[in-house]
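I opened this notebook to record what I looked up in one structure. The entries run from the whole chain down to single residues.

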Amino acid sequence: MRQIRIVLTGFGTVGREFIRLIKEKSERIKENYNLELRLVAVGGRDGFIGSEEGLRLDSLSEARPGSQSLADYARNFHMPLTTRYGKADVLVEAAPTDVERGEPGFTHIMTAFRNRMDVIAISKGALVARYDTVFEAAKANKVRVKYSGATAAALPTKDIGEISLAGSEIVGIEGILNGTTNYILTRMQEDGLSFEEALLTAQQKGIAETNPDLDVKGIDSACKILLLSNDLLGTHYSLKDLSIQGIDQVTKEQIAGAKGRGMKYKLLARAHKQEGNVHISIAPMEIGPGHLLAAVDDTNKGIVFQTDTMGEVCVLGGSSSPRGAAAAALKDLINLYRDH
Ligand SMILES: NC(=O)C1=CN([C@@H]2O[C@H](COP(=O)(O)OP(=O)(O)OC[C@H]3O[C@@H](n4cnc5c(N)ncnc54)[C@H](OP(=O)(O)O)[C@@H]3O)[C@@H](O)[C@H]2O)C=CC1
Ligand SMILES: N[C@@H](CC=O)C(=O)O
């Protein structure tokens, strides 16, 4: 049995869900993959709690999400909140996304690299703001980085492009990659909810970003298509290279008009190769019933790959949820350490 020592940064909605999942699935993971998962540290805004023997998953699973619960844990189990953690194999990074500076994820990821740890990123900030730096540092330290959680999480995207479409040239990608905006547009169209009402429900579901402007202004979709393009289409873009429009200017009247014509408003993220260049745009658009993504409603997402040899390949579903995001990180973890 191989033991995998895990450090988690960010004990928020997704971070706590990740702990719940490793608790719930530990026996199955031992049986199926010969891996024993041990959570040795969790970091929040004010520091880390840690234990070489493994932290109490039952206690953390029941705690409220938020850094305060780590301070409570430290007090209850008589341990200090520290700035460092001991030896570990992998960092799971689930702190808030900041696309300007990439922090706090960037610092957590670089610390993990220095400690020769692999990284599973659920947050997007560090990868988006400092893509080349992160991957050069990973290479220099001979460690691996996975980030399904940052590229639409429960919807398989990166794995499909890398593994299932290997050998094909991907010439275009089109996706509905953000559950919050898809939920808002669907509920505005189907129930006549206001933008604000629908956003509030998405926040209550735990799927909106810590700063929901990232969702509604199209930035979260932009981050995801950017990472997919850099990985699968060979670009080295940053957000400034993209044309980004969110759903914040879409009116009830526009949505009703589209519905009257048998169309739906969707926030589409598109990357297309054209004469050696890749053009990326994120914008709300009307799509008709014949579109491959037309059935993607509510918190669901979807992606279409256009390839030279396999035609169009489409994946639908992968609803945005904290559990789905945590499950995407767990998938990365298993795929890093399972025997192939
Ligand atoms: N929610 C979702 O469905 C999905 C989220 N993601 C990504 O996952 C990440 C987490 O999302 P979510 O759990 O919803 O967000 P939350 O806001 O619920 O949780 C973030 C947590 O990180 C903590 N934090 C703040 N600063 C630091 C720091 N310096 N070091 C460590 N932790 C810190 C926060 O502390 P405090 O409690 O003090 O505020 C909070 O507890 C985001 O980057 C998001 O983009 C990806 C896929 C899906
Ligand atoms: N805010 C995102 C969740 C994480 O990627 C979404 O709504 O899909």
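The entries below follow the order in which I looked things up.

**Entry 1. Basis and conventions.** I note that this is a predicted model, in which local features need pLDDT of at least 70, side-chain atom pairs count only at pLDDT 80 or more, and totals for chains, interfaces and linings use all residues. Residues are numbered from 1 along each chain as its sequence is written, and chains are lettered from A and ligands numbered from 1 in the order in which they are written.

**Entry 2. Confidence.** I looked up pLDDT, the predictor's confidence in each residue, from 0 to 100. The protein chain averages 97, and 100% of its residues score at least 70. For the model I recorded ipTM 0.99 and pTM 0.97.

**Entry 3. Overall form.** I found 13 helices and 12 strands in the protein chain; helices (H or I, at least four residues) and strands (E, at least two) are DSSP runs numbered from the N terminus. The radius of gyration is 20 Å, close to the 20 Å of the globule rule for 340 residues, so the chain is as compact as a globular protein of that length. That radius is taken over C-alpha atoms, and the rule is 2.2 Å times the number of residues to the power 0.38. The C-alpha trace spans about 65 × 45 × 40 Å along its principal axes.

I then looked up burial, where a residue is buried if 20 or more other C-beta atoms lie within 10 Å of its own, exposed if 12 or fewer, and partly exposed in between, with C-beta atoms placed from the backbone. Buried residues account for 46% of the 340 residues. For contacts, two residues qualify if their C-beta atoms, placed from the backbone, lie within 7 Å. Of the contacts between residues at least 6 apart in sequence, 71% join residues at least 24 apart.

**Entry 4. Domains.** Across the boundary, 17 residues of domain 1 are in contact with 18 residues of domain 2. On the domain 1 side, α5 (125–129) and α6 (131–140) are the elements that give two or more residues. By class that side has 10 nonpolar, 5 polar and 2 charged residues. Here Ala, Val, Leu, Ile, Met, Phe, Trp, Tyr, Cys and Pro count as nonpolar, Asp, Glu, Lys and Arg as charged, and the others, Gly among them, as polar.

Entry 5. The unreviewed UniProt entry gives "domain: Aspartate/homoserine dehydrogenase NAD-binding" for residues 10–147. I note that UniProt positions are given in the numbering used here, feature names are shortened, and annotations may be inferred rather than shown by experiment. The span 10–147 is 45% helix and 17% strand, and its end C-alpha atoms lie 15 Å apart.

The unreviewed entry also lists Glu 209 for "binding site". I located Glu 209 in the loop between α9 (195–204) and α10 (213–216). Is Glu 209 buried or exposed? Glu 209 is buried, because 20 other C-beta atoms lie within 10 Å. Beyond its neighbours within four places in sequence, Glu 209 is in contact with Thr 97, Leu 214, Asp 215 and Asp 220.

**Entry 6. Helix α1.** Arg 16 is found in α1 (residues 13–33) and counts as buried, with 25 C-beta neighbours inside 10 Å. Its C-alpha atom is separated by 6.0 Å from that of Pro 65, 49 residues apart along the chain. Leaving aside neighbours within four places in sequence, the contacts of Arg 16 are Phe 11, Leu 60, Ala 63 and Pro 65. Lys 23 is also found in helix α1, but counts as partly exposed, with 15 C-beta neighbours inside 10 Å.

**Entry 7. Backbone geometry.** Most residues other than glycine have a negative phi, and most peptide bonds are trans. A cis peptide bond joins Glu 103 and Pro 104, with omega about 0 degrees. Pro 104 lies in the loop between β4 (90–93) and α4 (105–114). Lys 142 has a positive phi, near 55 degrees, and lies in the loop between α6 and β6 (145–146). Lys 142 counts as exposed, with 8 C-beta neighbours inside 10 Å. Phi of Asp 298 is likewise positive, near 55 degrees. Asp 298 lies in the loop between β10 (277–287) and β11 (301–307) and counts as partly exposed, with 15 C-beta neighbours inside 10 Å.
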